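Keep the sequence and the 3D view open while reading.

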Amino acid sequence: MDALTLATKPKSSDIAIDNVVLRYGKGDNAVLALDGISFHVVPNEFCVIVGPSGCGKSSLLYLIAGLEERTGGMISVGGKPVTEPGPDRGMVFQAYTLFPWLTVAQNVEYGPKRKGMSAAERRAIVEHFLHEVGLAKFANHYPSQLSGGMKQRVAIARALANDPQVLLMDEPFGALDSQTRHSMQKLLLRIWDHSKKTVLFVTHDIDEAILLADRVLVMSGRPGQIKKEIRVGLRRPRSMDLVMEPSFIAMKREILELLKNDEDEEH
Amino acid sequence: MTLAPNATSPISHIVTTSVEKNQPGRSAWKAITTPFQAVSRPLSITLSVLVWGAVIGGWFALTYSGAVKEMFLPRPESVLFTTISMALDGSLWEHVLASVQVVLIGFVISSVVAVPLGLTMGTYRIVQAALDPLVNFIRYLPVTSFVPLFILWIGIGIEQRVAVIIFGIFFQQLVMIADSARGVQRDLVNAAYTLGTKRGDTVFHIVFPATLPNVLDVLRVTMGWAWTYLVVAELVAARSGLGYISLKAMRGFQVDVIFMAIAMIGILGLCTDQLFRGIRRLVAPWAN
């Protein structure tokens with residue numbers, strides 16, 4: 001089997017989060033950011049965490065990626081406990097994190113290169129994923145020559161080119177305007193449909209959460225806890241028109257209520 | 001409601017703006033007085049020539065009017081003639097070469113150590129904790145005060161001048177390079193980790209390329225300082241070099257030679273500055 005079929009063949013794992021605690025600081029100044037989070041994402045699932053800013057949803061993603069250290073509990077991806085960052089967990093960040101000194105193509109092949117793949121294998125992978133995100137013509141551009149939406153498309157291509165078992169997405173469209181945002185959501189759903197990676201996506205945008213997810217986890221803040229789990233169950237492929245459907249609106253209202261209660265409790 | 005032709009409709013607004021653009025006098029004034037507004041290449045060349053012309057014209061005026069005695073300020077053309085005659089008999093190149101050699105050796109030795117050490121210092125807090133207090137102490141010591149010590153330790157050979165240059169720029173390079181390494185966006189490093197970069201490779205794979213444009217700027221700036229310290233070293237103890245001939249010329253009241261030496265240093269500085277800008281464009285094309 002050549003590298004391209006290996007890279008595009010559905011390969012995804014589950015994510016198991018068990019009683020995870022994250023505490024910053026010590027003694028009286030300690031802040032409990034995450035308080036006993038538990039959930040399970042099954043292989044190929046598109047799971048979205050929605051919550052107010054500062055509820056610890058991004059921190060949770062950083063813990064799964066191994067970029068931060070948890071205070072307690074267990075995280076495992078594909079049955080393997082998370083102890084440090086690794087290429088099995090791809091991540092797309094809210095900030096633009098393309099390497100500015102590399103061209104678009106070089107950014108995409110960064111991961112495969114670290115794995116020691118040959119130039120021919122890498123070229124096939126780059127071609128495939130740039131085509132997938134519609135940026136084949138921009139292969140030799142530098143990131144500084146791209147718009148925000150294009151940068152995030154390359155970031156998605158770069159994460160997928162590395163063939164991770166799960167894809168972690170930390171408000172990747174948060175900095176984009178609403179038009180670009182919608183087209184990015186459509187693009188992401190199409191790519192996910194092709195790759196069938198397990199996706200854990202974090203956002204504070206309720207529409208985005210329902211539109212993308214198989215399952216939405218509603219998170220409350222300070223300390224961060226999973227408040228409720230909602231199975232979306234809307235037919236796929238999904239279009240933006242769904243936002244007008246009664247079932248969509250009902251779910252949106254429910255999530256809004258949950259987040260509103262959270263606010264009330266705070267005051 | 002009737003619309004008068006000059007009513008404030010969106011269309012009339014557009015028309016007014018385009019009319020304004022057609023009045024070159026007004027819009028040109030507005031353009032050059034707008035902060036951060038780009039200036040066309042012909043205009044910027046004209047301006048720099050004008051300023052140079054004014055300086056040299058002022059020089060002519062001062063010397064020809066007799067306002068300043070020629071013993072203190074030579075006439076421009078006598079500096080030029082001195083330069084030409086020293087260039088022709090080869091003595092100019094001998095001294096230029098001697099100076100360039102010292103600057104280059106000192107600069108290269110300093111940079112070769114300062115770049116990797118500075119990047120490591122900026123990346124690893126433990127290295128910073130160890131070196132920062134010492135480096136920041138030495139950084140503020142005036143280099144000139146070490147010249148007698150260096151003469152005592154290493155004599156008055158080329159090693160002494162090289163040592164002055166290294167001492168003058170190394171610690172500054174170290175601090176500035178460490179600062180730019182510290183400024184590397186954390187999520188850039190995080191992204192690299194999630195793509196399979198090993199911790200030990202972070203400096204080479206991420207920090208170094210990310211800071212490359214800054215590092216080249218630091219090298220460009222410190223190269224200028226190297227020239228300053230070179231003259232200091234040559235004024236005190238040297239048998240050749242542009243600083244040395246200045247000192248010799250002062251003893252013989254050859255002000256034109258002093259002027260020539262200063263001009264040569266300026267020209268060499270300008271050349272190295274342009275060279276570094278060229279290198280930056282070449283190796284870091286993404287940062288332009």
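B:Phe253 is exposed, with 11 other C-beta atoms within 10 Å. The model is predicted. B:Phe253 sits in the loop between helix H11 (242–251) and helix H12 (255–283) of chain B. Its phi is near 55°, a positive value in a residue other than glycine.

A:Asp163 is not a glycine, yet has a positive phi of about 50°. Look for A:Asp163 in the loop between helix H6 (148–161) and strand E7 (166–170) of chain A. Is A:Asp163 buried or exposed? A:Asp163 is buried, because 21 other C-beta atoms lie within 10 Å and the cut-off for buried is 20 or more.

## Cis prolines in chain A

Two peptide bonds deserve a look. The bond from A:Arg222 to A:Pro223 is cis, with omega near -5°. A:Pro223 lies in the loop between strand E9 (215–220) and strand E10 (225–231) of chain A.

The bond from A:Arg236 to A:Pro237 is also cis, with omega near -5°. A:Pro237 belongs to the loop between E10 and helix H9 (246–266) of chain A.

## The sheet of chain A

Chain A holds an open sheet of six strands. Their order is E6-E7-E8-E3-E9-E10, and the pairing is mixed. Which strands of chain A stand at the edges? They are strand E6 (89–92) and E10, each with a single partner strand, so one side of each has no neighbour in the sheet. On average, neighbouring strands of this sheet are turned by 20° against each other, direction ignored.

Now take one pair. E6(A) and E7(A) run parallel and are joined by four bridges. A:Val92 has A:Met169 in E7(A) as its bridge partner. H6(A) packs on the sheet and touches E6 and E7 of chain A. The direction of H6(A) makes about 175° with that of E6(A).

## The nonpolar core

How many residues does the largest nonpolar core have? It has 135 residues. Those with the most contacts inside it are A:Ile64, A:Leu200, A:Val216, B:Ile165 and B:Ile177. Helix H8 (residues 158–182) of chain B gives the most to this core, with 14 residues. In soluble globular proteins, nonpolar side chains tend to be buried together.

## A helix pair in chain B

Helix H9 (residues 186–194) and helix H10 (residues 202–236) of chain B cross at roughly 145°. Their axes come within 11 Å. The crossing of H9(B) and H10(B) is right-handed.

From H9(B), the residues B:Leu188, B:Val189 and B:Ala192 take part in the contact. They meet B:Thr202, B:His205, B:Ile206 and B:Ala210 in H10(B). By class, this contact has five nonpolar, two polar and no charged residues.

## Where the chains touch

Turn to the meeting of the two chains. Here 14 residues of chain B are in contact with 20 residues of chain A. On the chain B side, H9 and H10 are the elements that give two or more residues. H9(B) supplies the largest share of that side, six residues.

What is the make-up of the side of chain B that touches chain A, by class? It has nine nonpolar, four polar and one charged residues.

Terms used. Residues numbered from 1 in each chain as written. Chains lettered and ligands numbered in written order. Predicted model: local features only at pLDDT ≥ 70, side-chain atom pairs only at ≥ 80, totals over all residues. Axes fitted to C-alpha atoms, helices over the stretch in contact; angles between N-to-C directions. Left-handed = near helix turned anticlockwise from the far one by under 90°. Contact = placed C-beta atoms within 7 Å. Nonpolar A, V, L, I, M, F, W, Y, C, P; charged D, E, K, R; others polar. Core = buried A, V, L, I, M, F, W, Y, C linked by C-beta atoms within 7 Å. Buried ≥ 20, exposed ≤ 12 C-beta atoms within 10 Å, placed from the backbone. Pairing = 2+ DSSP bridges.
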